[in-house]
Amino acid sequence: MLHVGVGRRNAQNVCNFGNFPIVQDANSGTDVAAGSTAATVQLPANLASGDLLFIFGGASVGISNFAASGWTTLTAAGTSGRIASAFKISNGAEGASVGVTWTTAASARFVSWSITAATWNGITPPEAATPASGASTLPNPPILSPSWGAGNTLWIAAMGTQGTANTIS
């Protein structure tokens, strides 16, 4: 399980969205075949300078040394974790995709999101709790207490499973 927080815009930069960060667009996913150590992840359309971009990935095994050139790794799943994530502040010229790499051969699926520039604070980077791992039909993300306190925050909780017979209740 992964838990990420994105801070709101401050009072000096009031927006028309109730001061909560807003997911503008998402890419439905990029599947990666078993035995892979690299992928080309499709990015959301309509990116603008200042948008906050995310890549989230789930793998069949713990993936090590997750990286995307020019992106900041939030979480790099180790031998027990199966979720990796990274973020970047858009310069508006990213193109349609980004390459990601890792060192442990795995099958994986990646999705990407963009947060509208006008709705996040633009300065304080997103924060993530250390991913939790385990076997449960009742997954629960780890606790995250962001440095900006109790402000309006977009909370992102994610999980990954291995196989097709998993049921989450």
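In what order do the elements of the protein run from the N terminus on? They run β-β-β-β-β-β-β-β-β, a count of zero helices and nine strands. The model is predicted, so local features need pLDDT of at least 70 and side-chain atom pairs count only at pLDDT 80 or more, while totals for chains, interfaces and linings use all residues. Residues are numbered from 1 along each chain as its sequence is written, and side-chain values use heavy atoms, with hydrogens and water left out.

**Overall fold**
- Helices (H or I, at least four residues) and strands (E, at least two) are DSSP runs, numbered from the N terminus.
- Of contacts (heavy atoms within 4.5 Å) between residues at least 6 apart in sequence, 76% join residues at least 24 apart.

**Burial and surface**
- Of the 169 residues, 41% are buried, where buried means under 20% relative accessible area, exposed over 50% and partly exposed in between (1.4 Å probe, protein chains only).
- The accessible surface is about 8,300 Å², with 51% belonging to carbon and sulfur atoms; areas come from the Shrake-Rupley method with a 1.4 Å probe, and for residues only the protein chains shown count as cover.

**T119**
- T119 sits in the loop between β7 (97–115) and β8 (127–128).
- T119 counts as buried because its relative accessibility is 0%.
- The side chain of T119 reaches the backbone nitrogen of I22 at 2.9 Å.

**V61**
- The loop between β3 (52–59) and β4 (67–68) holds V61.
- V61 counts as partly exposed because its relative accessibility is 31%.
- V61 and A105 are 44 residues apart along the chain, and their C-alpha atoms are separated by 8.1 Å.

How values were computed
Polar contact = N/O pair within 3.5 Å; in protein donor to acceptor, adjacent residues only side chain to side chain.
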